Every structure is written in C-alpha cells, then in structure tokens.
Amino acid sequence: MVEGNLVLRDIQEKDVAGLLALYPHWNRSLAEKRIRRTLFSVRERRVVAELNGQIVGHVKITYGSGVHSHLARVYSVIVSKNFRGKGIASKLMEKAISELLQGIEIVLLETQHDNASAIHLFEKLGFEQYGVLERAWKKGTEYKNNVLYRKVLR
Ligand SMILES: CC(C)(COP(=O)(O)OP(=O)(O)OC[C@H]1O[C@@H](n2cnc3c(N)ncnc32)[C@H](O)[C@@H]1OP(=O)(O)O)[C@@H](O)C(=O)NCCC(=O)NCCS
C-alpha cells in the first residue's frame, strides 16, 4: 500500500521535468517534445501519479482515428523503482481505462515476453494475450519477442 498523498491526474506543464526523470535512458529533447505534444493533443492522454508532490508514475493512452477510432492503445506505463509493488501502476491503469473516450471498444498494448511484472499487471486487469510479435526488440544481435494484449470493453 502507498503511504502518503497519492494523486492521479492528467499531466500538466509543470510535470515535464518530473516525468522525464522517470525515463533517464530516453533522449531528453525528443522525449520532452513528445510529452509536450500531449498537452495539446485530443488523441493522446497522459495520466501521472503524484506522491507527496513527486511524479512517481505515468501511463500514456493514444486514440485511433477514422476506421480505428474504436481503438485505444496503452503505452509507457512506468512507476519509479522505489515505489513499485505498492499498487500504483494498477491504479493508473484502472483510472486510464475507466475514463477512455466514449466509443472505445478495444484497448491494445504489448510488452516484452520476459517482463513478468508488466504481464502480471495486464493479466490481472483482464487483458488477454492474442498474439506474439517475434523479434519486436533488437539490441546488437539480441532479439526479444513482444506479447500482444487486448481488452475488449464492448
Ligand atoms: C510494470 C510496472 C509498471 C508495475 O508497476 P507497480 O506499481 O509495481 O505495479 P503494481 O504494484 O500495481 O503491481 C501490479 C501487479 O504486479 C505484481 N508484480 C509486481 N512485480 C512483479 C514481478 N516482478 N513479477 C510478478 N508480478 C509482479 C504485483 O504483485 C501486482 O499484482 P497483485 O495485485 O496481484 O499483487 C513497473 O514494474 C515498472 O515500471 N516497470 C518498468 C517499466 C515497464 O516495464 N513497463 C511496462 C512496459 S509495457
């Protein structure tokens, strides 16, 4: 359980630095551009978890358009290392999924096949595996598969 004041809310301009700190391996200027884009986008939503004033978690949702406007995707769910295992990602995901735009029928996401905590989280929230994208990840000569998940809402 989380001790302290946990607030889950939409990202604001003041959160950019705190959010970037969750992704130290990212290219900073590119990441900042992408995060700022959300502030003005109707097809993207970022929910942050703020614990005692510190950004400790994040999830991004994107919405399809045209013939894909019934689809939403979850990206980049992350919780700061020191605050994992306290239910923060579960709460972020539950909020984001319960507040999807009207008309969304299917939520999609994917994760690396060896990401045990993410797989546990998604299956606990009712996502079902519908496929595997082989060699989705490559570093040097090493490959990893991604597991593809969906949650059918209606
Ligand atoms: C995946 C991640 C977001 C989970 O965040 P979290 O706040 O620790 O998740 P929660 O505390 O809500 O736990 C979710 C469930 O996963 C379980 N879990 C946590 N770590 C686990 C592990 N290593 N192996 C198996 N299950 C695990 C928890 O027990 C919990 O299940 P329960 O409610 O049945 O007990 C976090 O580990 C993280 O940021 N990882 C790095 C980024 C990442 O890989 N994101 C996913 C990319 S798609």
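Q: Hi! Is N52 buried or exposed?
A: In this predicted model, N52 counts as exposed, because it has 11 C-beta neighbours inside 10 Å and the cut-off for exposed is 12 or fewer.

Q: Where is N52 in the chain?
A: You'll find N52 in the loop between strand 2 (44-51) and strand 3 (54-63).

Q: What about the phi of N52?
A: Phi of N52 is positive, about 50 degrees, although N52 is not a glycine. For background, most residues other than glycine have a negative phi.

Q: How exposed is S76?
A: S76 is partly exposed, because 15 other C-beta atoms lie within 10 Å, and that count falls between the cut-offs of 12 or fewer for exposed and 20 or more for buried.

Q: OK, strand 4 then. How does strand 4 run relative to strand 5?
A: Strand 4 (residues 71-79) and strand 5 (residues 106-112) run parallel, joined by three bridges.

Q: Which residue in strand 7 does I106 stand opposite?
A: I106 stands opposite V152 in strand 7. Strand 7 (residues 142-152) pairs with strand 5 in the antiparallel sense, over seven bridges.

Q: Switching topic: how many residues surround the ligand?
A: There are 18 residues around the ligand, and the closest are R84, A89, S90, S117 and H120.

Q: Which element gives the most to that shell?
A: Helix 4 does, with six residues.

Q: What kinds of residues make up the shell?
A: The shell around the ligand has eight nonpolar, seven polar and three charged residues.

Q: Last one: which domains does the shell draw on?
A: The shell draws at least three residues from domain 1 (1-104) and at least three from domain 2 (109-154).

Conventions. Residues are numbered from 1 along each chain as its sequence is written. This is a predicted model: local features need pLDDT of at least 70, side-chain atom pairs count only at pLDDT 80 or more; totals for chains, interfaces and linings use all residues. Two strands pair if DSSP finds at least two bridges between them. Helices (H or I, at least four residues) and strands (E, at least two) are DSSP runs, numbered from the N terminus. A residue is near a molecule or strand if its C-beta atom, placed from the backbone, lies within 6 Å of it. Ala, Val, Leu, Ile, Met, Phe, Trp, Tyr, Cys and Pro count as nonpolar, Asp, Glu, Lys and Arg as charged, and the others, Gly among them, as polar. Domain bounds come from an automatic or database domain assignment.
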